Amino acid sequence: MSPPVLRGVVLAGGRSRRMGRDKAALTYRGRTLLDHAVDMLSPFCSDIRVAIAPDQRSDTLRHRHPVVVDPVSDGGPMAGLLAAFALDPAAAWWALAVDLPFLKPETLGRLAAARGTKPACAVTHDGRPEPLCAIYEPGAAKPLGDWFDQGNRSLRGWLEAVDAPLVPAESGELRNLNTPELEKFLQE
């Protein structure tokens, strides 16, 4: 039996409060971080969506790609993932944060190969799962929804609870760009 189809969801519905401006619009190697994230997933995913907050429906940058709208405002990354599962609950969804441009194709390939019988798998750099670069299988949809409905917003906590397999990333690959001080790394 073949594994479920793998689709991608770029999590870009955040407010970029710490950065002070829209992270999705920052450029890296001549492309926006949003376009870069979509490009990173494209070798692995049959369809890629951009998860947006309800008030981002008119955002032209995000709408250059197909979108899914978070079911609630300020639901965090889990809301974007749940929006993806609502679109196609039979698919596996690769969740990727818009602000992780330093991931290497080899690491992404190892993550794709790590899919198995568990409800999810994720990359790591410190022995803990990185929920914003993880693959969530169809069986994760209901437990994630229940977790969310109980007031839990921690995808990392959920991944730890289900003992998701972890794929190591090299130092610096999971550096997320969430403050202006880190923007200097885009120039490397």
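Visitor: Where is Arg62 found?

Guide: Arg62 is in the loop between strand S4 (48-52) and strand S5 (67-69). Helices (H or I, at least four residues) and strands (E, at least two) are DSSP runs, numbered from the N terminus. This is a predicted model, in which local features need pLDDT of at least 70 and side-chain atom pairs count only at pLDDT 80 or more, while totals for chains, interfaces and linings use all residues. Residues are numbered from 1 along each chain as its sequence is written, and side-chain values use heavy atoms, with hydrogens and water left out.

Visitor: Does Arg62 count as buried or exposed?

Guide: Buried means under 20% relative accessible area, exposed over 50%, and partly exposed in between (1.4 Å probe, protein chains only). Arg62 has 2% relative accessibility, so it counts as buried.

Visitor: Which residues does Arg62 touch, not counting residues up to four places away in sequence?

Guide: A contact means heavy atoms within 4.5 Å. By that rule, and leaving out residues up to four places away in sequence, Arg62 touches Ala12, Asp22, Ala24, Leu34, Val50, Ile52, Gln56 and Val67. For Ala12, the backbone oxygen lies 2.7 Å from a polar atom of the Arg62 side chain. For Ile52, 10 residues away along the chain, the C-alpha separation from Arg62 is 7.6 Å.

Visitor: Let's turn to a helix. Which residues of helix H4 are buried?

Guide: First, the general idea: an α-helix has 3.6 residues a turn, so residues three or four places apart point the same way. In H4 (residues 141-149), the buried ones are Ala141, Leu144, Gly145 and Phe148. Seen down the axis of H4, they fall within an arc of 100 degrees (taken from the directions from the helix axis to the C-beta atoms), so they line one face of the helix. Their cover includes helix H2 (76-87), strand S8 (129-136) and helix H5 (155-161).

Visitor: And the sheet: what is the order of its strands?

Guide: Strands of a sheet pair through backbone hydrogen bonds, either parallel or antiparallel. Here, two strands pair if DSSP finds at least two bridges between them. The open sheet of 7 strands runs S5-S4-S1-S6-S8-S7-S9, with mixed pairing. S5 and strand S9 (166-168) are the edge strands, each pairing on one side only.

Visitor: How many bridges join strand S7 and S8?

Guide: S7 (residues 120-124) and S8 pair over 5 bridges, in the antiparallel sense. Within this pair, Ala122 stands opposite Ala134 in S8.

Methods: A polar contact is a pair of N or O atoms within 3.5 Å; within protein, one must be able to donate a hydrogen and the other to accept it, and residues adjacent in sequence count only if both atoms are side-chain atoms.
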